[in-house]
Amino acid sequence: MFFRALADPTRLKLLEFILGGERTTTECVTHAQISQPRVSVHLSCLTDCGYVTARRDGRRLLYSVGDPRVADLVLLARALAADNATTLTCCPRIDPASPQGDDSR
């Protein structure tokens, strides 16, 4: 379950954006280039899973990384993926058409 939240490309994109510092929902919408309701769903998932925290500032919600180890995890995953790009691309168990792969095999 821990990695399922990161399997979605939009959530991973948002998480990496938030690693750069505290972000508002509006900033996340602009960065992800998807609708505000969809961004809010993804941010709620990241918050519920403990990857980010949200705090209210007036009418705005501000999102930040709740645990510094999250940055380490994302950076390590990116490095491993880069080092194994060819192997990952050729893996018969990962469906390249599906952002989450094919879990049915």
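This is a predicted model: local features need pLDDT of at least 70, side-chain atom pairs count only at pLDDT 80 or more; totals for chains, interfaces and linings use all residues.
Biologist: Why is Cys 28 called buried?

Modeller: Its relative accessibility is 0%. Buried means under 20%, so Cys 28 counts as buried.

Biologist: What is Cys 28 in contact with, leaving aside its neighbours within four places in sequence?

Modeller: Leu 14, Phe 17, Ile 18, Arg 23, Val 39 and Leu 43. Contact here means heavy atoms within 4.5 Å.

Biologist: Why is Cys 91 called partly exposed?

Modeller: Cys 91 has a relative accessible area of 25%. Buried needs under 20%, and exposed needs over 50%. The value of 25% lies in between, so Cys 91 is partly exposed.

Biologist: How many disulfides are there?

Modeller: The count is zero. A disulfide needs a pair of cysteine sulfur atoms within 2.5 Å. For Cys 91, the nearest cysteine sulfur belongs to Cys 90 and is 9.0 Å away. That is not within 2.5 Å, so Cys 91 is in no disulfide.

Biologist: Which residues of helix H3 are buried?

Modeller: In H3, residues 25-32, they are Thr 25, Cys 28, Val 29 and Ala 32.

Biologist: What do the buried residues of H3 pack against?

Modeller: Helix H2 (9-19), S1, helix H4 (36-48) and S3. Just after H3, Gln 33 takes a positive phi of about 55 degrees.

Biologist: Which residues touch the most other members of the largest nonpolar core?

Modeller: Leu 14, Leu 15, Cys 28, Val 39, Leu 43, Tyr 51 and Val 52, out of 18 residues. H2 gives the most to this core, with five residues.

Biologist: What makes S2 and S3 a pair?

Modeller: Pairing takes at least two bridges. Six bridges join S2 to S3 (residues 60-65), so the two strands pair. They run antiparallel. Asp 57 stands opposite Arg 60 in S3.

Biologist: Why are S1 and S2 called edge strands?

Modeller: The open sheet has three strands in the order S1-S3-S2. Strands S1 (23-24) and S2 (52-57) each pair on one side only. That makes them the edge strands.

Key
Residues are numbered from 1 along each chain as its sequence is written. Side-chain values use heavy atoms; hydrogens and water are left out. Buried means under 20% relative accessible area, exposed over 50%, partly exposed in between (1.4 Å probe, protein chains only). Helices (H or I, at least four residues) and strands (E, at least two) are DSSP runs, numbered from the N terminus. A nonpolar core is a set of buried Ala, Val, Leu, Ile, Met, Phe, Trp, Tyr and Cys residues joined through side-chain atoms within 4.5 Å.
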